Amino acid sequence: MQVEIDTGSGFCFGVVTAIESAERELQKGGPLYCLGDIVHNSLEVERLGAMGLHCIEHAKFSCLRDAKVLLRAHGEPPETYQTAAANRIAIVDATCPVVLQLQKKIKKCYLDTRRENAQVVIYGKKGHAEVNGLVGQTEGNAVVVEKTDDVEKLDFGRNIYLFSQTTKSLDGFRAIVSLIQAKIAPGVTFRSFDTICRQVANRLPNIKRFASRHDWVYFVAGRKSSNGKMLFEECRKANPRTVFISDADEIVAPLPPEVNSVGVCGATSTPKWLMEKVAARVREVNRSV
């Protein structure tokens, strides 16, 4: 049986940078905290946890004093930095440069358009860490649009400035743009900014091509990965015989006899070592078939 790992899958550069920052700080010794899971993959979180990385939530972060805390690639709102300064917390800032640039762009837009009584709108997943950081740039006033139905809560008689979470799909963003364009009142300003990370967006056509050339596909990602859910759905559209797994141990039975080619791919939060582990498991389980 041929088993191929998608070379285009795995950590994006923002996640790679965050993990390298964590490993570098851990080598220095002393406790290191991370605000939230460093990546939406429980096995990678466990690996770094064994090295001494302690993942905490915002409630515990606000109680820390004289500690060192890593901010993951998703970014944080201004309040996090204010808390760190007040509590003498040393920040290791691993915010993805693409996210950081977007934060600055949204903040500038918000400040420049407040006198217009404009609406800053973010196409993204409500409650997602990156989206929380983006909304924070607007003093909590940005409107989050997660799906097309959410567009109805906008005021089409007021100016609208639309941005996107970096890991959302281009098709989804374009659908939101089209809906707003169709509903915006005459003479009202509507501007959209395509702020989707191209390293992530370009994975869609690549992963669909990869999935379509195999008889069976294992898509490997953490259950909490927003990017993983989106890529998996696209992968399954290209190949209905695509199975979502989070660990190699989930593969327990041989594949059907007509399967000669298996693809292994994953999300921007899926480590290469995990995809290699899955590929090895596929070969092991199907060795006698």
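Modeller: This is a predicted model. Arg-223 and Glu-250 make a salt bridge, with their closest N and O atoms 3.1 Å apart.

Biologist: Where do Arg-223 and Glu-250 lie?

Modeller: Arg-223 is in the loop between strand 10 (216-220) and helix 10, and Glu-250 is in the loop between strand 11 (242-245) and strand 12 (261-266), so the pair ties together parts 27 residues apart in sequence. Arg-223 is partly exposed at 49% relative accessibility, and Glu-250 is partly exposed at 36%.

Biologist: OK. How many salt bridges does the structure hold?

Modeller: The structure holds 21. One of them joins Arg-88 to Asp-66, with 2.8 Å between the closest N and O atoms. Arg-88 sits in the loop between helix 4 (78-86) and strand 5 (90-93), Asp-66 in the loop between helix 3 (58-61) and strand 4 (68-71), so this pair links parts 22 residues apart in sequence.

Biologist: And Asp-150, is that buried or exposed?

Modeller: Asp-150 counts as buried, at 9% relative accessibility. Its salt-bridge partner is Lys-147, at 3.5 Å from N to O, and Lys-147 is partly exposed at 44%.

Biologist: Which residues are linked in a network?

Modeller: Glu-23, Glu-44 and Arg-47 are linked in a network of salt bridges.

Biologist: Switching topic. How much space lies in the largest cavity?

Modeller: About 280 Å³. The count is one cavity of 30 Å³ or more.

Biologist: What lines the largest cavity?

Modeller: The lining has 22 residues, with Cys-12, Val-15, His-74, Thr-167 and Thr-268 nearest the centre. Helix 1 (13-27), helix 5 (97-113) and helix 10 (226-238) each give two or more residues to the lining. By type, the lining residues are ten nonpolar, eleven polar and one charged.

Methods. Residues numbered from 1 in each chain as written. Predicted model: local features only at pLDDT ≥ 70, side-chain atom pairs only at ≥ 80, totals over all residues. Heavy atoms only, no water. 1 Å grid on protein atoms, 1.4 Å probe; cavity = no way out; pocket = protein on both sides within 12 Å on 5 of 7 lines; lining within 4 Å. Points joined across faces, edges and corners; volume = space filled by probe spheres on them. Helix = DSSP H or I, 4+ residues; strand = E, 2+ residues; numbered from the N terminus. Nonpolar A, V, L, I, M, F, W, Y, C, P; charged D, E, K, R; others polar. Salt bridge = Lys/Arg side-chain N within 4 Å of Asp/Glu carboxyl O. Buried < 20%, exposed > 50% of the residue type's maximum accessible area, 1.4 Å probe, protein only.
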